[in-house]
Amino acid sequence: MPLPHAIARSIFTLPQPRRKRASPNTYLLLSQRKYAILLLVSKMATPMKQKTDVLQGTLALMVLKTLEVLGSLHGYGIARRIEQISGDVLAVNQGTLYPVLLKLEQEGAIGSEWGASENNRRARFYRLTRQGRKQLQAETQGWEQTSAIIARFFEVKAEDLS
Amino acid sequence: MKSLRRFFAQLAGLATRRAQDERLREEIEEHIALQTAENIRAGLSPA
């Protein structure tokens, strides 16, 4: 497939911002040519449905809740399930997901171990820890409160305030 | 003594970062493999 390859090549040769280190995601794209080509092809092949990126700060909560409901899952499974639960409105890309998983693990909210994926290859499986369960409860309460406050603002009328 | 401790701390930090990078690389590789397999199952021809 010459076209995707050509497009991928052009991505690799894009100049980096001056004096700035490439972010880990960019680094992967630049260094892992064969994977980046695969990534590009798979992106091009997905149906042309408009998807929204996950709102900053909400992905960790979605990960914790998904693991609470579904138990141990690998990164790809978590991403797919979050997309599925959102009604395929959200898109979870690996460049966002894996740093969040690493952060949650470093915080002790989730644990992980190597296992075998559906492909029978090595994959890291994540599970919720007791601490993660507590964190999920606290964050759920916080979000419910925020959501209730915002709902009040949407419903407010001038006469309510007189 | 202080500089020796700092040196070992940096060395340990470097080893941790390398291990994390390697793990991240392996996980993303598997993520893309699973995504590709799903696309193929959905009827797309392998590139």
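## Thr66(A) in helix α4

Thr66(A) lies in helix α4 of chain A, helices being DSSP runs of H or I with at least four residues, numbered from the N terminus. The structure is a predicted model, in which local features need pLDDT of at least 70, and side-chain atom pairs count only at pLDDT 80 or more. Residues are numbered from 1 along each chain as its sequence is written.

With 4% relative accessibility, Thr66(A) is classed as buried, a term for under 20% relative accessible area with a 1.4 Å probe and protein chains only. Leaving aside residues up to four places away in sequence, Thr66(A) touches Gly71(A), Leu73(A), Arg81(A), Ile82(A) and Ile85(A); contact means heavy atoms within 4.5 Å.

## Packing of α4 and α6

Helix α4 (residues 59-70) and helix α6 (residues 94-107) of chain A have axes that come within 10 Å and cross at roughly 70 degrees. α4(A) and α6(A) are therefore roughly perpendicular, the class for angles of 65 to 115 degrees.

From α4(A), the contact involves Leu59(A), Ala60(A), Val63(A) and Leu64(A); α6(A) contributes Thr96(A), Leu97(A), Val100(A), Leu101(A) and Leu104(A).

## Packing of α5 and α6

Helix α5 (residues 75-85) of chain A packs with α6(A) at about 115 degrees, the axes lying 11 Å apart. This pair, α5(A) and α6(A), is therefore also roughly perpendicular.

In the contact, Gly75(A), Tyr76(A), Ile78(A) and Ala79(A) of α5(A) meet Leu97(A), Tyr98(A) and Leu101(A) of α6(A).

## Model confidence

The model scores ipTM 0.76 and pTM 0.68. Chain B has a mean pLDDT of 88, with 98% of its residues at 70 or more; pLDDT is the predictor's confidence in each residue, from 0 to 100.

Note on methods: Chains are lettered from A and ligands numbered from 1 in the order in which they are written. Side-chain values use heavy atoms; hydrogens and water are left out. Axes are lines fitted to C-alpha atoms, for helices over the stretch in contact, and angles run from 0 to 180 degrees between N-to-C directions. Helices (H or I, at least four residues) and strands (E, at least two) are DSSP runs, numbered from the N terminus. Angles under 35 degrees count as roughly parallel, over 145 as roughly antiparallel, 65 to 115 as roughly perpendicular and the rest as oblique. Buried means under 20% relative accessible area, exposed over 50%, partly exposed in between (1.4 Å probe, protein chains only).
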